[in-house]
Amino acid sequence: MKLTFSPGSPFARKVRIAAIELGLIDKIELVPAKVAPTEPNEQYAHDISPLRKLPALILDDGNVIVDSYVIVEYLDELAGGKLIPKSGAARWRVKSEHSMIQGMTDAMLLCRYEVGVRPKELQWPKWVDDQWDRAWQGLTRFENQPEVLSRPLDITQIALTCVLGYADFRFPDCGWRKAFPKLDAFHEKMLQRPSVKLSIPPAA
Ligand SMILES: N[C@@H](CCC(=O)N[C@@H](CS)C(=O)NCC(=O)O)C(=O)O
């Protein structure tokens, strides 16, 4: 299998951490890819995904799985189901938590694109503030859910680690550690895992 990725992508990082935790990383070749808004990558659009987003998992039979959640779900199934509960209330709780963190990560990424990619004269600060508020309110929600932070490893915790790592990477002065001490302690604990440590985004 091949996984398209970039070292700074929080979505690709989630898949990489999951693959390591599931013991599948040796079956996956990491393929660096460059995709960005307003920079058409025709080959990627044609061969991998018309959405031009990474990560994508290219299976040995040529089929492509897109979206980091779907990729993790696929890998989790291959490994016997360790990161996403198989049924019942726990399954829907974890999927829903994960969707919320996915939205928070999307919101941070949109802030990054607005501030770092969009021409200055077209930027809309109120819109950035609104997106940032969604991510921040989401972090507040998880700060107040200590049971999520202390249970056995699952996809919610991996995604939460990745959104916090993305905040460090792109918004190093945002002050999340001071605002969210429980998330800080959780993040420090997660950093003890080799999967988390070796996938930290490089200095921006
Ligand atoms: N829902 C997607 C989001 C993926 C995503 O937004 N990836 C970013 C990189 S971190 C991307 O490919 N951006 C390129 C673009 O939007 O043009 C997932 O979870 O895989």
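Modeller: In this predicted model, the protein is divided into domain 1 (2–78) and domain 2 (88–194). The centres of the two domains, taken over C-alpha atoms, are separated by 20 Å.

Colleague: How many residues of domain 1 are in contact with domain 2?

Modeller: 12 residues of domain 1 are in contact with 14 residues of domain 2. On the domain 1 side, helix H1 (10–21) and helix H3 (68–78) are the elements that give two or more residues. H1 gives the most, with seven residues. By class, the residues of that side divide into eight nonpolar, one polar and three charged.

Colleague: Why is the span of helix H5 (residues 125–143) said to agree with its number of residues?

Modeller: H5 has 19 residues, which at 1.5 Å a residue should span 27 Å; the end C-alpha atoms are 26 Å apart, so the two values agree.

Colleague: Which residues of H5 are buried, and what makes them one face of the helix?

Modeller: Gln131, Ala135, Trp136, Gly138, Leu139 and Phe142 are buried. Seen down the axis of H5, the buried residues fall within an arc of 150°, so they line one face. In an α-helix there are 3.6 residues a turn, so residues three or four places apart point the same way. On the other side of H5, Pro125, Lys126, Asp129, Asp133, Gln137 and Thr140 are exposed.

Colleague: What do the buried residues of H5 pack against?

Modeller: They pack against helix H4 (88–116), helix H6 (146–150), helix H7 (155–170), helix H8 (176–179) and helix H9 (181–190).

Colleague: Why is Arg52 called partly exposed?

Modeller: Arg52 has 18 other C-beta atoms within 10 Å. A buried residue needs 20 or more and an exposed one has 12 or fewer, so Arg52 is partly exposed. Arg52 lies in the loop between H2 and S3 and has a positive phi of about 55° although it is not a glycine. Pro55 is also found in the loop between helix H2 (42–47) and strand S3 (56–58), and the peptide bond from Leu54 to Pro55 is cis, with omega near 10°.

Colleague: What makes Asp67 partly exposed?

Modeller: With 17 other C-beta atoms within 10 Å, Asp67 is partly exposed. Asp67 is found in the loop between strand S4 (64–66) and H3, and its phi, near 85°, is positive in a residue other than glycine.

Colleague: Which residues come nearest to the ligand?

Modeller: Of the 13 residues around the ligand, Ser9, Phe11, Val35, Lys53 and Ser68 come nearest. The shell has eight nonpolar, two polar and three charged residues.

How values were computed: Residues numbered from 1 in each chain as written. Predicted model: local features only at pLDDT ≥ 70, side-chain atom pairs only at ≥ 80, totals over all residues. Near = placed C-beta within 6 Å. Nonpolar A, V, L, I, M, F, W, Y, C, P; charged D, E, K, R; others polar. Helix = DSSP H or I, 4+ residues; strand = E, 2+ residues; numbered from the N terminus. Expected span 1.5 Å × (residues − 1). Arc of directions from axis to C-beta. Contact = placed C-beta atoms within 7 Å. Domains from an automatic or database assignment.
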